Amino acid sequence: MDLERYFLERRTIRNYTDREVDDRLINELIEEASHAPNTGNMQTYSVVVTRDEEMKRRLSPLHFNQPCSVGCAALLTFCADFHRFTRWCEISRANPGYDNFHSFVSALIDTSLFAQQFNTAAELRGLGCCYLGTTTYNASQIAEILGLPSLVVPVTTIALGWPADEGADAGRLPVRAIVHNETYHELSDGQIKELYAETEAREDSRKFIAENGKETLAQVFTDVRYTKEANEHFSRLFFDFVKKAGFHIPG
């Protein structure tokens, strides 16, 4: 596969065929993903692989019933996991101190790197993947269904399967919108509008605006998709669960 073409043309896949993804392949992909960079080589992450149809149906409402959550061959929940490492320290006559906010953040970052390396490895094998960003919204219920112990927090979920279509091009901001050389450079209002102009002009963007009765694409995000009220609600739920999971957060 042309790697440059893969990275520039990759697509999120939400529709899958009925073809199974065998355990050996998933385990190979997880092993490849486990070689992603991580803090101190502690590998403070785990992944729960859900294949059972009933289990997927139980998890689906917690992912806002996205069709791919039940239509996939496997649903993989990637978790920040200091439980295993802490137990290893305890049975090795070491005194662990990882039930804190900094440790949680480091595990969260490492879990994200692990998940992304899995995603890339899977797509390079011809599989289709869809990230479910809803995992942290309902982390407590997901943790209960999956039987997660203390110091284990679900971070993200990937729906996995063999693609039934090529997926849609979601578009991306130009590189100049992202890169800041040496220091961060504040952009003018005109520059900001110019950077988002192509995104706003897309047919799917214009459709979002019309369907939601809004004037701008930004209003679709702020008033419909990711509202202040919803963000604050799910922030509190996730914050409370992280503390319940055993991480002590200063406050």
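Modeller: We will go through charged pairs and then a surface patch.

Modeller: This is a predicted model, where local features need pLDDT of at least 70, side-chain atom pairs count only at pLDDT 80 or more, and totals for chains, interfaces and linings use all residues. Residues are numbered from 1 along each chain as its sequence is written, and side-chain values use heavy atoms, leaving out hydrogens and water.

Colleague: What is a salt bridge, and how many are found in the whole structure?

Modeller: A salt bridge is a side-chain nitrogen of Lys or Arg within 4 Å of a carboxyl oxygen of Asp or Glu. The search of the whole structure finds 15.

Colleague: Which residues are linked with Arg51 in a network?

Modeller: Glu20 and Asp23 are linked with Arg51 by salt bridges. From arginine 51 to glutamate 20 the N to O distance is 3.5 Å, and to aspartate 23 the closest N and O atoms are 2.8 Å apart. Arginine 51 is in the loop between E1 and H3, while aspartate 23 is in helix H2, 28 residues apart. Helices (H or I, at least four residues) and strands (E, at least two) are DSSP runs, numbered from the N terminus.

Colleague: Is glutamate 20 buried or exposed?

Modeller: Buried means under 20% relative accessible area, exposed over 50%, and partly exposed in between (1.4 Å probe, protein chains only). Glutamate 20 is exposed at 54%, whereas arginine 51 is partly exposed at 23%.

Colleague: And where is valine 175?

Modeller: Valine 175 sits in the loop between strand E4 (152–161) and helix H8 (189–201), and at 59% relative accessibility valine 175 counts as exposed.
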